[in-house]
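User: I would like to learn how to read the overall build of a protein chain. Please take me through an example.

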Amino acid sequence: MEIKGIDVSAWQGNIDWKTVADYGMGFALLRITEAGNVTDGKFERNFAGCEQYGIPVGVYKYSYAKTTVQAQEEAEAVLKVLNGRKLQFPVFYDLEWSEQRSLGKSAIEKIAVAFLDKIQAAGYKGGIYCNVDWYNNALTDTLKKYDLWIARYPANDDGWLQERLRPDFGVGWQYSSKATIPGISGYVDRDVFYKDYGSDDGKEEATGITKDEAIQAVIGIAEEEIGYLEKRSNSQLDSKTANAGSNNYTKYWRDTYPQYQGQPWCADFVSWCFMKAFGLDNAKKLLKHWPYVYCPTLGSLFTKYANPQVGDIVIFYRNGTFAHTGIVTKVSGERFWTIEGNTSGASGIIENGGGVCAKSYYNSQLPGTKFCRPDYSIVAGSDTPTEKPNTPTTGGNYMFETQTVQTGSTGLSVLLLQEILKARGFKGKDGKELELDRSAGTNTIYALTRYQKSRNGYLEVDGICGPATWKDLIAL
């Protein structure tokens, strides 16, 4: 999908917006304020013209901020001019000032985030405008996560899109600064965007999609990742195949929980797909905890179905525990298809395989394997969620309250403790395997005590799983 438009300022003078609209214009990005936080002299006229002739609008602010305070002042000036008006495209923060560039990447990140936080807190989408050099050498990984509008045009710029220069990143490309179109005197910038903002009002709202559309959304995200290979180091994380290795470095950990970078990532791949499809808050609700990194934990939070449905999260059972996961994309009789992270294309369940692959299995050949069913009505505007997740308290990462577990305790918190201890190899007296019976009997407390001892003085060895022990279990 490509949508072509323009970006304009007072430099274009009085634009004949009817002629522009008749020519065909997918959007217009308007400069809103200039140096000194003064409103662009043609902004109001341009905004009114676009509104009158049905041209979707976004705005941009050329930044002169050298501090976070100045960036916040720039954001406040933009919001004052907007005064609650609807936008279809984002508010883009224009980063190209040489004096700002000299401050360094860290300072630029703080400045940009200070501006964009205020913009987004007011309900508008935020993005960043810069050229390719700024993208490569001045933007941090944090800033690259925003919607990026990239400037790149040739020395022999004649107003036409030159395919050889198309960037392979960003949601929009400013491909010319010397285009001419009816209704505008002189040159004008031309742009192409690959993301259609024009169907909403520029503010973050509920998805308003059906359950089936929600399921297909997350599957679509997963499909785009097929072929991704984990990296040998913490670089080139966004490339599908570059820097491939076996050290578990991925963009999925970077984007969801960077503290775990270098750890196995099959479950986190699922987290990432849900976050990309529905946003962080909805992903937390759908998965009932965040991030999803541990298959037994997911199994303890969901009803475990014996037969798959499209959109389920499969938790594969191997060697006495749930050990691998993926997203179910298709079901036909006994056979089901998946997309999995950290696997390989070889047949069978492959853990730590290093790549994102599409696979298929026969359910009857996988004893113990179960299917967890997210409540997609949470993100479906036509339905009411059937469950309301609880607020995490003691456990921190869990969408329910992890209670203190001691001798005689029962319930979900006990089951979670048993799942974690069992998966980490802790057993009851005389080497007896822990039963997942939701009851804190002798063997559960014995295994808990052994775990506390294994932490070499970091935890009190009291056979009680209170806040400190829960925090340690979850952090590991």
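Analyst: What follows covers the chain as a whole and then its cores.
Analyst: This is a predicted model, in which local features need pLDDT of at least 70, side-chain atom pairs count only at pLDDT 80 or more, and totals for chains, interfaces and linings use all residues. Residues are numbered from 1 along each chain as its sequence is written, and side-chain values use heavy atoms, with hydrogens and water left out.

User: How many helices and strands does the chain have?
Analyst: Helices (H or I, at least four residues) and strands (E, at least two) are DSSP runs, numbered from the N terminus. The chain has 14 helices and 15 strands.

User: What percentage of the residues count as buried?
Analyst: Buried means under 20% relative accessible area, with a 1.4 Å probe and protein chains only. Of the 476 residues, 49% are buried.

User: Why look for nonpolar cores?
Analyst: In soluble globular proteins, nonpolar side chains tend to be buried together. A nonpolar core is a set of buried Ala, Val, Leu, Ile, Met, Phe, Trp, Tyr and Cys residues joined through side-chain atoms within 4.5 Å. Here the largest has 50 residues, and Ile6 and Trp17 have the most contacts inside it. Helix α5 (residues 105–121) gives the most to this core, with eight residues. Another core, of 38 residues, lies apart from it and includes Trp265 and Tyr292.

User: Which residues is tryptophan 17 in contact with, leaving aside its neighbours within four places in sequence?
Analyst: Contact means heavy atoms within 4.5 Å. Among the partners of Trp17 are Ile6, Val8, Leu30, Arg45 and Tyr53.
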